[in-house]
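The following report concerns one protein model. Please consult the sequence and the structure shown here before reading on.

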Amino acid sequence: MKLWRTLSATKLYWGLLLLFAIGVVFSPETSSGKNIFLSYGNLTDVLRQVSIIGLAAVGMTTVILIAGIDLSVGSLMAFASVVTGMLLTQEGWTPAATMAVPALAIVAFLIFAGLARFIFTNLARGDEAVGHHETVILDPLRRVWIPLAAGTVAAILAALYAASHVPTKFGVVAVLLVVPALGLLLGALNGIIIVRGRLQPFIVTLAMMVAALGIARLTAGQNSAVLPVYPGSNATADFNNLRSMLWGVAPVPGLFFIAAAIIYGALLRFTAFGRYVYAIGGNEEATRLSGVKVDRVKITVYAFSGMLASIAGVLYVAQYRQGKPDAGAGLELDAIAAVVIGGTSLMGGRGSIAGTIVGVLIFGLLSNILQLHNINSNLQLVLKGLIIVVTVLVQERNLDGLFGSWSFKGQDRKAQAGSAAIQPGKSKESS
């Protein structure tokens, strides 16, 4: 019994280990007899390849934990790739640059306004020796007006700086500020419409998916435009840093995924925000009645999902050296599948970032194994679909349920026999 419970609790990790073992055993070898699957270059390639879907899946995890869904991550990623391509390669007031300047100003405003309020809140906490941040009450000057002034000044300076640099191309650092800001805004728009309009997340994010795809195509200039991005020629020189190996150890795109997973895992595990996310997914109405600002949490969750999707778009440009309006086709389904494989319930309230990491790695290892054996791409899709179904079946039907009835069939029969033996006695006593 304990064995089955242990297997049930760790079944997700056993699946990953089993897939890894299959990759090792059936891996092709080089001419010198080395295992290709276990080579350092191959394993780092897996990490690089899962970085895009991994970022989208991390954001999708929190969305699904509140019993929501975000179908727009693929289109937002594609839109971000187009904007990134234009910012890195084209000069002057391109549509992307026109959006970039206000986006950079908004980012500066949010950072400095939030920083000012954070400082005042912690100073007040220290003065009043209050342990919980929500019990700290600030006066309007420190709560509103000073943060507002700090953010406004920072936004004006950022806008002036960006406007003065528009005739030149944007660098990678500026792109990593501007593009996530756009994703943050569009994701927040998803959340605002959902909570204010009282609409189903499926409908709202589906509409955003279509709209973002259209915006991406309009921004690119034509339906299937591909914006080539080559460092040293038509892109900024620092662009190559986004696709390189950091100190020759780990690919930079993979580090983005790892960093996002760690930050989100810490948020869900150690902060009040994480507890609210689980509570909303478990029982939204009860959470609302307990005083939690449910609408604010939901908007934040969708905003973060859009931001991570846009960062995935930047990494897409880094890996494939192009911005493409159709780049994110199917990404939302892959992200949802990875989250579900990782054990997060589509009903909300149950799941973890660790499980999502496992789900993403299962996806990556499976694709890598199939590619090493030159399996037809269409057959790969079929196999992935089968694995998703089998995984969900195993998760929904606990291993105790799958095997318990077989293991204890003999005991059940003895119990039935015992009941049958007792029954006459009861009849006898009753008689």
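Is leucine 148 buried or exposed, or does it count as partly exposed? Leucine 148 has a relative accessible area of 34% and is therefore partly exposed, where buried means under 20% relative accessible area, exposed over 50%, and partly exposed in between (1.4 Å probe, protein chains only). This is a predicted model, in which local features need pLDDT of at least 70 and side-chain atom pairs count only at pLDDT 80 or more, while totals for chains, interfaces and linings use all residues. Residues are numbered from 1 along each chain as its sequence is written, and side-chain values use heavy atoms, with hydrogens and water left out.

Leucine 148 is placed in helix H6 (residues 140-164); helices (H or I, at least four residues) are DSSP runs, numbered from the N terminus. Together with Leu141, Val144, Trp145 and Ile146, Leu148 forms a nonpolar surface patch with about 440 Å² of accessible area in total. Such a patch consists of residues with over 30% relative accessible area and no salt bridge, nonpolar side chains (Val, Leu, Ile, Met, Phe, Trp, Tyr) being joined within 5 Å. Accessible areas come from the Shrake-Rupley method with a 1.4 Å probe, and for residues only the protein chains shown count as cover.

## Nonpolar core

The largest nonpolar core has 103 residues, of which Leu87 and Val277 touch the most other members. Helix H12 (residues 294-320) gives the most to this core, with 15 residues. A nonpolar core is a set of buried Ala, Val, Leu, Ile, Met, Phe, Trp, Tyr and Cys residues joined through side-chain atoms within 4.5 Å.

## Salt bridges

The count of salt bridges comes to seven, each requiring a side-chain nitrogen of Lys or Arg within 4 Å of a carboxyl oxygen of Asp or Glu. Arg198, Glu284, Glu285, Arg288, Asp295 and Lys298 are linked in a network of these bridges.

Arginine 198 is exposed at 56% relative accessible area, whereas aspartate 295 is buried at 14%. Aspartate 295 also forms a salt bridge with arginine 288 (3.5 Å, N to O). Arginine 288 in turn bridges to glutamate 285, with the closest N and O atoms 3.9 Å apart. Both arginine 288 and glutamate 285 lie in helix H11 (residues 284-289), three residues apart, about one turn of the helix. Arginine 288 is partly exposed at 28%, as is glutamate 285 at 45%.

## A buried glutamate without a partner

Glutamate 332, in helix H13 (residues 331-341), is buried yet has no salt bridge. The nearest side chain of opposite charge, arginine 217, is 12 Å away; Lys and Arg count as positive and Asp and Glu as negative, while His and the chain ends are not counted. Leaving aside neighbours within four places in sequence, glutamate 332 is in contact (heavy atoms within 4.5 Å) with Met60, Asp70, Leu71, Val73, Gly74 and Met209.

Technical notes
Patch = residues over 30% accessible without salt bridge, like charges linked within 9 Å, V, L, I, M, F, W, Y side chains within 5 Å. Helix = DSSP H or I, 4+ residues; strand = E, 2+ residues; numbered from the N terminus.
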